[in-house]
Amino acid sequence: MFIIDCPYCGKRDQTEFSCHGEAHIARPTDTQNLTDEQWGEYVFFRSNTKGLHRERWVHTHGCRRWFNALRNTVTDEIFATYRVGEVPPGAAESQP
Amino acid sequence: MTQAQRLDSGGLIDRSKPLRFTFDGKPYTGYAGDTLASALLANGVRLLGRSFKYHRPRGLIAAGSEEPNALVQLEEGAYTEPNTRATSVELYDGLVATSQNRWPSLEFDVGAVNSALSRFLPAGFYYKTFMWPASMWMTYEKFIRKAAGLGVSPTEPDPDVYHSTYAHCDVLVIGAGPAGLAAAAAAATSDARVMLVDEQSVPGGATTGRTLSDAYTQWFEQSVSQLHNNDNVTFLPRTTLTGYFDYNYLTAVEKITDHLGPGRGADKPRQRFWKIRAKQVIIAAGSIERPLVFADNDRPGVMLANAVDTYINRYGVLPGNDIAVFTNNDSAYLTALNASANGAKVTMVDTRKSVNAGLTSACEDAGIKVFTGHAITSVQGAKGVSSVRIMPLSDDSKSVAGQAWEIKCQIVANSGGWTPSAHMFSQSGGKLRYDNAIHGFVPDMSKAKSINPNVSAGACNGSFSTAKCLQEGSQAGVAAAAACGYQSTPGALPAVEEDGLGGIEAMWLVPTVHPVGEGSAKHFHDFQNDVTAADIHLAAREGFLSVEHLKRYTTTGMATDQGKTSNLNALAIMADIRGAQIPEVGTTTFRPPFTPLTFGAIGGQESGELFIQERHTPMHGCHVQSGAVFEDVGDWKRPWYYPKAGEDMHAAVQRESLAVRQSVGMLDASTLGKIDIQGRDAAAFLEMIYTNNWKNLGVGRCRYGLMLNEHGMIFDDGVTTRLADDHFHMTTTTGGAARVLGWLEEWLQTEWPEMQVYCTSVTEQWAVAALNGPRARELLQSVTDIDCSAEAFPFMSMREGKVAGIPARVFRISFTGELAYEINVPARYGRQLWQALQQAGKAHSLCLYGTETMHVIRAEKGFIIVGQDTDGTVTPLDMDMDWIVSKTKPDFIGKRSFVRSDTNRQGRPQFVGLLTKDPQVVLPEGAHIVAEVKDAPPMKTLGHVTSSYMSPNAERSIALALLNNGLQRKGDTVTIRLMNGDVVDAIVTDPVFIDKEGVRVRG
């Protein structure tokens, strides 16, 4: 059971949060011009990373704010949490 | 028999406080401070149960919670509890225990024939025999369950009260033996908040009842008293750490009143479940002695050496007057000397050829005969050991040969070494390392999981001597406090004599005159699951070589003891067969709980009425008065129907359904999800969320909307009303309210943060009474200042005014196809509104109706219920609702998925009506429309019935269905095959059965 550092509220128990998978997947703006493959890539495909993973969390039973976390999926270490729109920490090094 | 094995003095029992108890109906007496196990042993009872598979007679093996055999059914009736370990049950006056897994009696057990048939019951027997045919499993199962079950579950509600609680601390210490006490004592000299938990009733761990040195005794008493008196310390005895989860979240169960006996806990809960967050954890869980695996080592009376010590030292019980001690290491010599000093005639059998001369001479001084380089090759006595046979081991210790000796004894105290209790470290995600010096796995701190800061101290770290335990514990306590930012000043540690494991030579499988698996002898390594060394050989022969396969194939290490005494022996035997090193075979994962715990404790106080919170609308009391039968919708209690005297559900629903279409009905619609949406970009936002157009919706006007996910599938619907240019009132399904709010917030926060839109749940702020039916207008007009005429208040619009004197928003929207008004008032006026309308309604033949009638009459109009007529795999086009999908909007959520090949293909399930040929037949919901009727499944399905009712207004049965290519099949006859084999023909129709032109709703 994780302890998660909500960027708005501080450290809270995992039961207050829900996880919504991989972060930084922007919704395409020109949806009607996409091929099925491109649209399928956005709707269905995720990286399923082993190791450092940026993922979306929401403080459901708290401030109800969405934010992102940088977590190692093997060790469950959460290296950072950051607000939507903020540059992911270490983005330059860990960019896949 | 009056405690024949009780010593005259010694032990932590109170001989002035006798306690009566019964075992299998027979009365016995023990003393305060006893466990059920020690009291039975004091009375000379060695046979305590029958084994799981072979029904072999079994007795105590251990003195602690690792006990695999002595599982008893405790107490009777509502208080009964199966599979309690006699070694962990503290004795109280009047205790009632019965043995398990025997029929008809413990002494004579029919199932023991399994033992004679054991060559036909090998490992994997159940898998092999009962795999095929699958349909026969149902038949086999009840016999297997009867023959192989352990205890019996209570059938009555649990009369006890439980509690659960959260705790936070800096340093959590697991175990109050020398290491744990030293750790807690050291950490507690700082300002750190310390928790110390221990499963025993008294601290001391393996030293309980032992006298180590005066200095130790003094240190021990002082440390315990200081911990009890320190406000920064929470010291929980009778508390077992059951699980270790991420970020140092640990669970423990505290047995508060179990030791007093059932119903004697006064106002205290029986058990408390602790959920603990600790900054640092010190694991001082000790170690568990391993049995030697030798021929017929499961006879009652074969015990672990340390158990014999514990029964003598702590409980003042000499388990037998003639004791053979069988060992491969030095630690059991202490047992031999201890038993001898307490009056037993002791014989020492050591598999090692050369032994520390100090030990052998001490034995000789005590009159103990020592056989070195010998092994026990057989154990006599089916229901209790009577003698053992020993023989010299060959040079390689793989066989026996030479002069055999018969040794008379009632107890075989055996030790195969000690296994550090690495359960908690392993549960914390750490990996283990094999230590050749002690022949056991120890925590590998280089492979610990960093999110769970912990350290192992003492025997669980492979450090068995008391001196080392004290030293490691104290250091760990200082370090853990320091890691939390606290400085400690630990006191001096007492001097103690060297003890512990001493020398050891591995002996994993003790040879006998026959090779393993031949002859009648069994070499058990897992007593609880009745798994023998021969089973491991069989598993290896059949290719189940990996430890995970071995475990599942033979069931070794499973069940309530989770292999505490058996796992390492199983691995080592497998390693030997494979010619591999033990670390190559690997270990299975240690899983919570460490020992079994009650569901009551896990549930804590959240049982009965507190299990799930019920949501009531403001009108709930009125519904109760009106005799409503309630239905659970999510957590809500909604009136299902309002039966009149003598009416069943069918009659009530038929009456209510007719009334809605003939006069006027009233439904409590307060549970519908309601979301207040405001902001500059509210309309633009709704354009993306819904499939249809919203920008052009006039103020005061209402519109029905469908919400899709990005897959293009329907996931909620509802009517949304424009209250102002930048202000909307959205309604959602009752069950979808929270999900939809979350969905809106997600898009606003993560994808379109530039939009100025604010969403607020107002579900519980508004109470809603829905009036439906041709007389709705005259009823409403009689209590409101709003002009309700068709011209002034058209369909799909909203008016504000007073209803029964209460400020209200009235929405002219309809889920019945009738003239309808949904009257919203602030929740605190809900009951007043309802009562006023009920009163006024008397003049207009008002009928209250519930959710069942709501379902029937909306189906008459073909209105869908999301989640009933849709299932997350249907698009608006599948539902024949393309009228609500904008062709002009460039984008909305899910739009792009409409042109995917799958959403476009022919043959998708589509929404249709079904009329059975026989109008009296009501199809079961979920029934399948089949391509071709066969005698038995499988049959090719073409779709299924989603809604089905007897409609009083259509005067026949009606159904809604999803049917492949259904929109093109209207007029066709289809066949529905029911579960009972009946076949029903139905005609595919339009899903609207009443007022197809939609005249009534606009009236």
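1. Of the 1003 residues of chain B in this predicted model, 52% count as buried. The C-alpha trace of chain B spans about 115 × 70 × 55 Å along its principal axes, and the chain holds 24 helices and 47 strands. When contacts in chain B between residues at least 6 apart in sequence are considered, 67% of them join residues at least 24 apart.

2. Helix 8 (residues 331–341) of chain B is mostly covered, since 9 of its 11 residues are buried. Among the buried residues of helix 8 of chain B are B:Tyr333, B:Leu334, B:Asn338 and B:Ser340. Which elements cover the buried residues of helix 8 of chain B? The cover includes helix 7 (305–313) and helix 9 (357–365) of chain B, together with strand 16 (322–327), strand 17 (345–350), strand 22 (411–415) and strand 23 (418–420) of chain B. Helix 8 of chain B is followed by B:Gly343, whose phi is positive, near 105°.

3. In chain B, 3 strands form an open sheet in the order 19-20-21, with antiparallel pairing; its edge strands are strand 19 (374–380) and strand 21 (405–408) of chain B, each of which pairs on one side only. From one strand to the next the twist averages 30°. Strand 19 of chain B and strand 20 (residues 387–392) of chain B are paired over 6 bridges in the antiparallel sense, and B:Val379 stands opposite B:Val388 of strand 20 of chain B.

4. Two packed helices are described by the angle between their axes and the distance between the axes. For helix 18 (residues 649–662) of chain B and helix 23 (residues 851–860) of chain B, the axes come within 9 Å and cross at roughly 55°, and the two helices are therefore oblique to each other. Helix 18 of chain B passes helix 23 of chain B in a right-handed crossing. On the side of helix 18 of chain B, the residues that meet the partner are B:Val653, B:Glu656, B:Ser657 and B:Val660, and those they meet in helix 23 of chain B are B:Glu852, B:Thr853, B:Val856 and B:Ile857. By class, this contact has 4 nonpolar, 2 polar and 2 charged residues.

5. B:His439 has a phi of about 55° and is placed in the loop between strand 24 (432–435) and strand 25 (440–443) of chain B. B:Glu955 also has a positive phi of about 55°, and lies in the loop between strand 44 and strand 45 (956–964) of chain B. Is each of these residues buried or exposed? B:His439 counts as buried because 23 C-beta neighbours lie inside 10 Å, whereas B:Glu955 is exposed, with 8 other C-beta atoms within 10 Å.

6. There are also cis peptide bonds to inspect. One joins B:Pro592 and B:Pro593, with omega about 0°, and B:Pro593 is found in the loop between helix 15 (582–585) and helix 16 (599–603) of chain B. Another is the peptide bond from B:Pro937 to B:Pro938, where omega is near 5°; B:Pro938 is in the loop between strand 43 (928–930) and strand 44 (941–951) of chain B.

7. Finally, the interface: 19 residues of chain A are in contact with 22 residues of chain B. Helix 1 (residues 36–44) of chain A gives the most to the side of chain A that touches chain B, with 3 residues. The residues on that side of chain A divide into 8 nonpolar, 4 polar and 7 charged.

Notes
Residues numbered from 1 in each chain as written. Chains lettered and ligands numbered in written order. Predicted model: local features only at pLDDT ≥ 70, side-chain atom pairs only at ≥ 80, totals over all residues. Pairing = 2+ DSSP bridges. Helix = DSSP H or I, 4+ residues; strand = E, 2+ residues; numbered from the N terminus. Axes fitted to C-alpha atoms, helices over the stretch in contact; angles between N-to-C directions. Buried ≥ 20, exposed ≤ 12 C-beta atoms within 10 Å, placed from the backbone. Contact = placed C-beta atoms within 7 Å. Parallel < 35°, antiparallel > 145°, perpendicular 65-115°, else oblique. Left-handed = near helix turned anticlockwise from the far one by under 90°. Nonpolar A, V, L, I, M, F, W, Y, C, P; charged D, E, K, R; others polar.
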